[in-house]
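I opened my notebook to go through one structure, entry by entry. Here is what I looked up.

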Amino acid sequence: MKTKLTFAAALLAATMLSGAAGAKTFVYCSEGSPEGFDPGLYTAGTTFDAAAHTVYNRLLEFKPGTTETVPGLAESWEISDDGLQYTFKLRPGVKFQTTDFFTPTRDMNADDVIFSYERQLKSDNPWHQYVAGAAWEYFNGMGFPDLIDTIEKVDDMTVRFTLKQREAPFLANVAMPFASIVSKEYADKLEADGQMQMLNQQPVGTGAFEFVAYQQDAVIRYRAHEDYWNGKQPIDDLVFAITPDASVRYQKLKAGECHLMPYPNAADVEEMKADPNLKVMEQEGLNVAYLAYNTTQEPFDKVEVRKALNMAINKEAIVEAVFQGQATPAKNPIPPTMWSYNDAIEDDPYDPEAAKKMLEEAGVTDLSMKVWAMPVSRPYMLNARRAAELIQSDFREIGVNVEIVSYEWAEYLDRSKAKDRDGAVMLGWTGDNGDPDNFLHTLLGCDAVGGNNRAQWCNEEFDNLVTQAKQTSDQAERTKLYEEAQVVFKREAPWATLDHSLSVVPMRKEVEGFVQSPLGDFAFEGVDIVE
C-alpha cells in the first residue's frame with residue numbers, strides 16, 4: 001500500500017531533512033500565487049514578493065523598514081542642475097544567478113539596465129509584447145513613456161537617463177519592483193532559442209535568492225544565490241508554500257510547518273500574541289482599500305449616483321466585522337500616515353435615507369449592479385467576500401440589488417482593468433515608494449486608465465494637479481497641490497474609500513532578521529532561523 005504524503009507534510013519533511021544536512025530551509029506561507037515572474041508585467045504585491053523581492057534587484061533599493069532610497073545595483077548617481085538628467089554609476093562585480101537553465105558569462109552591466117527599461121518603453125522593441133497582452137501597467141501608469149526622453153550607455157558601468165520634464169519622485173520610482181533589472185544575456189539566449197516566454201516563467205536576476213521551481217498554486221522553491229553582491233544569505237533554501245486561507249496559514253504556523261505568514265484573520269491576532277512559540281509584529285499600514293465604480297458606464301457616470309452609494313456604506317461595520325477594529329474608516333485615497341494627507345476633508349456621512357433620496361433625484365430606480373470581491377487576503381482587506389456581503393446588505397437598504405462576483409486572483413486583476421467592466425470592483429493599494437504620487441497619479445491619473453485606474457476616471461482638474469505636483473521639487477508646494485487634488489477626488493467620488501488597516505505579521509519565535517516593511521513587502525534578505 002502506497003502512502004500519499006500531504007503537501008504540508010512533504011514540506012516539513014524537506015525542512016527536517018535539509019536541517020539534518022546542516023542546511024537551513026525557511027518556509028513562508030504566502031497568501032496567493034504569482035501571476036508570473038517578470039515584475040515589469042504586473043502590479044500585485046503577491047507577484048512582487050515572489051519575483052522582485054527574491055530574484056531581482058533595482059538600481060536603488062529601499063532601506064529595510066523605511067521608504068528611504070539607498071544604493072542598489074547603482075552605487076552612486078548624479079542629478080543635473082536642471083533636474084532632467086540622472087547618471088547612475090553601476091556597482092562593479094555584480095553576478096547574475098547561475099541556475100539549472102542558464103549560466104551567465106559576464107557580470108551585470110549597462111546593457112542590462114537599458115534592456116530592462118527599453119523593453120517597457122519602446123513599442124518596437126522585440127520584447128515589448130513577448131507575453132500576449134503585455135501592458136507594462138506600472139511603467140505606463142507612472143507616466144514613464146511620457147517622462148523618459150533617452151536612456152544612454154555612457155560606458156559599460158554608467159547609464160544616463162534624460163527626462164522630458166522634472167520628476168520629483170524619480171529616484172523612489174526606480175527603486176520600485178517594476179524597475180527590476182533583468183539579464184539581457186539571458187533574454188538574448190531565450191530569443192535565439194524561440195523561448196521568450198520563459199523569461200516570465202524561469203527568472204534570472206542578481207537578487208539574494210535564485211529561482212529553482214514552481215508548482216502551480218502550490219509551492220515555489222528558491223535557493224540562496226552563492227555569489228550575491230550583498231553576501232550569501234543565512235538561509236540556504238526558501239520555500240513559498242501557497243496557502244490562500246488565513247486559518248490554514250495559521251494552523252501551519254502553529255504546527256511549525258511554516259516560519260512566517262502574512263495577513264492573519266483579525267480574530268486570531270490576540271491568540272497569536274499569547275502563544276509562546278510565536279511573535280507578532282505590527283505597524284500602521286501605508287494602504288487604502290476602495291470600491292472603484294466604472295465612471296464611464298451608466299449610471300456610475302453620474303457623480304450623484306456615486307455619492308449616494310458612498311453614503312449607503314457603513315464603513316464602521318466593515319472595519320469591525322473584517323478587522324475587529326484593527327483598521328480605520330478611510331475618507332481619502334491616501335493613508336493618514338502619508339505626508340500631504342488632507343485631514344480637513346469631511347467624509348461622506350453614513351446616511352441611507354439621504355442616499356435613497358439622492359438616487360431618486362438622479363432618476364435611478366431598480367438599480368442592479370455587480371460588486372467584485374477579491375479572492376485573496378490583502379493587508380488592506382483581509383476578507384473581501386465578507387466586506388462585499390456587508391455592502392450588498394447596505395445597498396439593499398436603498399433599493400439597490402447587488403450580485404457579488406469573483407475570479408481567480410490573476411484573472412480578477414486582469415478582468416477588472418477592462419474599460420467596459422461592469423459594476424464596482426473592490427481593490428486596494430499599499431504604497432510602493434512612500435510618495436503620494438504612487439497613490440494619486442498611479443491609481444487615479446489619466447495615464448492609468450485601462451490599468452491601475454480601475455475607476456476609468458480621467459478628470460482634467462485632478463490630473464493637472466497631480467502632474468504639476470510630481471514636476472515640483474518643493475515639498476511644501478507639492479503638499480498644497482496634493483491636498484487640493486484630494487478635494488477634487490472627494491467631490492467627484494470615483495471610489496468609495498473603505499479603510500486603512502494595521503499591518504500584522506506573525507512568525508515563529510526562532511525567526512530573526514525579518515524587517516517589517518511600510519511598503520507591505522515580504523522580503524527575506526538577512527532573515528535567519530535561530531533555535
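Entry: My cut-offs: buried is under 20% relative accessible area, exposed is over 50%, and partly exposed is in between, with a 1.4 Å probe and protein chains only. I am working on a predicted model, where local features need pLDDT of at least 70, side-chain atom pairs count only at pLDDT 80 or more, and totals for chains, interfaces and linings use all residues. Residues are numbered from 1 along each chain as its sequence is written, and side-chain values use heavy atoms, with hydrogens and water left out.

I placed His128 in the loop between α3 (110-121) and α4 (137-141). Helices (H or I, at least four residues) and strands (E, at least two) are DSSP runs, numbered from the N terminus.

Next I looked up polar contacts. These are pairs of N or O atoms within 3.5 Å; within protein, one must be able to donate a hydrogen and the other to accept it, and residues adjacent in sequence count only if both atoms are side-chain atoms. The side chain of His128 reaches the backbone oxygen of Arg119 at 2.8 Å. A polar atom of that side chain also lies 3.3 Å from the backbone oxygen of Lys122. Leaving out residues up to four places away in sequence, I found His128 touching Arg119, Gln120, Lys122, Ser123, Ala134 and Trp136. Contact means heavy atoms within 4.5 Å.

**Entry: the disulfide.** How many disulfides does the structure hold? It holds 1. A disulfide here is a pair of cysteine sulfur atoms within 2.5 Å. Cys446 and Cys458 form it, with their sulfur atoms 2.0 Å apart. Both cysteines sit in the loop between α15 (437-444) and α16 (460-470), 12 residues apart. The link is right-handed, with 95° about the S-S bond. Cys446 is partly exposed, at 22% relative accessibility. I also checked Cys29, which is buried at 0%, and Cys258, buried at 0% as well.

**Entry: helix α16.** Which residues of α16 are buried? I listed Phe462, Asp463, Leu465, Val466, Ala469 and Lys470. Seen down the axis of α16, they fall within an arc of 160°, so they line one face of the helix. The arc is that of the directions from the helix axis to the C-beta atoms. An α-helix has 3.6 residues a turn, so residues three or four places apart point the same way. The cover over the buried residues of α16 includes α15 and α17 (475-492). At the start of α16, a side-chain oxygen of Asn459 comes within 3.1 Å of the backbone nitrogen of Glu461.

Entry: Most residues other than glycine have a negative phi, and most peptide bonds are trans. I noted a cis peptide bond joining Glu298 and Pro299, with omega about -5°. Pro299 lies in the loop between β12 (287-293) and α10 (303-312). Ser340 has a positive phi, near 85°. I found Ser340 in the loop between β13 (327-329) and α12 (352-361). Ser340 is buried, with a relative accessible area of 6%. Ala493 also has a positive phi, near 55°. Ala493 is in the loop between α17 and β17 (495-508). At 2% relative accessibility, Ala493 is buried.
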